Amino acid sequence: MTDDVMRFFATWLFTHEAADEEIKAAIRRGMAEGPEGMAGGPDAFVDGLAAMVEEEKEQLKRDLEARARGEEVAIEQQSDPALDEVRFEVAELRGRLDNIEALLEAMLRKLGE
Amino acid sequence: MASRSSAIVRVTLGELMRVLPSARFGLAPGPVRRAAWARALRRSFERLGPAFVKLGQLISVRPDEFSAELVAEMQGMQDAVPAVPAAAIRAVITREFGAEPEVLFATFENEPLAAASIAQVHRATLAEEYRPVWGETLPAGAEVAVKVVRPGAAASILSDVEVVRRMALRFAGTRVTRRFDPVALVDEFAATVDRELDLRQEGRFADRFSFDFRDDPKVQVPRIVWTRSTSQVLTMEFITGWRLSDLEIARAAGVDCKGLAIHGATAFMRQVFVYGRYHADLHPANIFVTPQNTIAYLDFGIVGYLTPEERMNITQVMAALVYRDPDRALRYSEKLGVHVPPGHVEPVRAGLGRLLDGDVRPDGTRDFAHFGLGFLKLLGEHGVAIPSGYGLLIKSLATVEGVARALYPEIDIVSTAQPFTTRILGQAMGDPVRVRERMPAAVRAALRVLTE
């Protein structure tokens, strides 16, 4: 891009400023537009996404403040999805075994007759 | 089998004769004539038994292949049939478990709760406690619903499927079937029925559904009692509540119908866009609102599955609807198997644009059914074949919208979809592989903007 370090950082800062303004504008548009007002195709999607990222940022701020107060934040209370998945698979297997056991009992009853 | 073919022809011709006067003996205007033929077909399907009732239900979700009149008529298909005598149901249970219902349950009611074409439901109570796959243990004495496949239903349906398949082969390629492939339709129908005839599949989906919504106290699914279930008998928790036809009573009892409508629509979006597996038969009889202010989902006989790739493409199509982007809708529909012939792309795109612009109700909310079913019809008019999963999903979304509107008429299902589609597509944009692929182009675009 350039060998001049100062020029490189200036470019970076300029990019950052420009992007910052664009993102803020996108957030404003995304928040202002209801679904009935969205007629902008891909640009409207970017605005909608920016508005959602803004909401997430505000949630992150609230979480950080809560953590600073020593509270447990919501995201930390969530269980591990992978572990939950394993628990479900084990439980489902138990259900299948229950079912097989019931079928075996039925067969034994029929044989007893 | 020949006699069954004759019976089918006799019943169908008989019903067609009955509607001849209202069709003015074929001289009535097109829509009137088609409505009369559709009515005759619906009546004959109801008379011909479970296989045809199911076939009618399948036709009701394919507006791309059948006329609007036929689809509307089949949507009104009654799947309520006279109950089988209790003795026959008790015989099925005894055959399956080798014991009388009174041995298996603390109590068993002979009077059925509901009777449909494939199965009949009886109330009972558990003799001993049961720990289900997911959720709290059901105590001894807990009320359960025992769903039993009607005796002879499986054999009669499978035999009818064979007969219908032979008829479909005969009709294939004729003028009658120019808009659809009858053999493919029958094969799809056979696969659906096959799933419904093994009640364990329904039970497993219910368990999975409970697990998927384990963090959502407003969603309730009957817990399955696997020790009292087989392919022919499914025992599940009995849930009491109000059907959507009794909402006034529910409101009077303090149920928050507006909140549940939004929550129900959100729950469906979660099934489709997050999990890729969804309840595809959400008509009003399969949903309750409960005194605990929850939504109870029943009857998981018809379900839809999406591969991760299909899920992403469906999300893109929904995002196209949310953000009114016809190009995106067509691009990702193509990836879902909706191939528009080159010569038809422009008219289809124009029609899609009109649909996207015209799907607003007088109250300002978006109308998904108008868009979704209109899109299927538009594709049908241009001779575009619709993959069955695509049609089923659109119909399911339209049904969910109808159900949600019954609870809360001002709900906007498209706006409900917005956070899901936006978040999922946003996550996809952050996929490292995708970022690596697109980074050079993104840097070039950023520099271009800066230099401008």
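This report describes the interface between chain B and chain A in a predicted model.

The contact draws on both partners, with 34 residues coming from chain A and 38 residues from chain B. Putting the two chains together buries an area of about 3,200 Å², and carbon and sulfur atoms give 61% of that area.

On the side of chain B that touches chain A, α5 (86-97), α9 (199-212) and α17 (413-429) of chain B each supply at least two residues, and the largest share, eight residues, comes from α17(B). The table divides the side of chain B that touches chain A by residue class.

| Class on the side of chain B that touches chain A | Count |
|---|---|
| Nonpolar | 15 residues |
| Polar | nine residues |

As for confidence, chain A has a mean pLDDT of 82, and 85% of its residues reach 70 or more. Among the elements of chain A, helix α4 (residues 81-112) of chain A has the highest mean pLDDT (93), whereas helix α3 (residues 74-77) of chain A has the lowest (67). Where pLDDT is low, the predicted coordinates should not be read in detail.

Notes:
Residues are numbered from 1 along each chain as its sequence is written. Chains are lettered from A and ligands numbered from 1 in the order in which they are written. This is a predicted model: local features need pLDDT of at least 70, side-chain atom pairs count only at pLDDT 80 or more; totals for chains, interfaces and linings use all residues. Side-chain values use heavy atoms; hydrogens and water are left out. Contact means heavy atoms within 4.5 Å. Buried area is the accessible area (1.4 Å probe) that two parts lose on being put together, summed over both. Helices (H or I, at least four residues) and strands (E, at least two) are DSSP runs, numbered from the N terminus. Ala, Val, Leu, Ile, Met, Phe, Trp, Tyr, Cys and Pro count as nonpolar, Asp, Glu, Lys and Arg as charged, and the others, Gly among them, as polar. pLDDT is the predictor's confidence in each residue, from 0 to 100.
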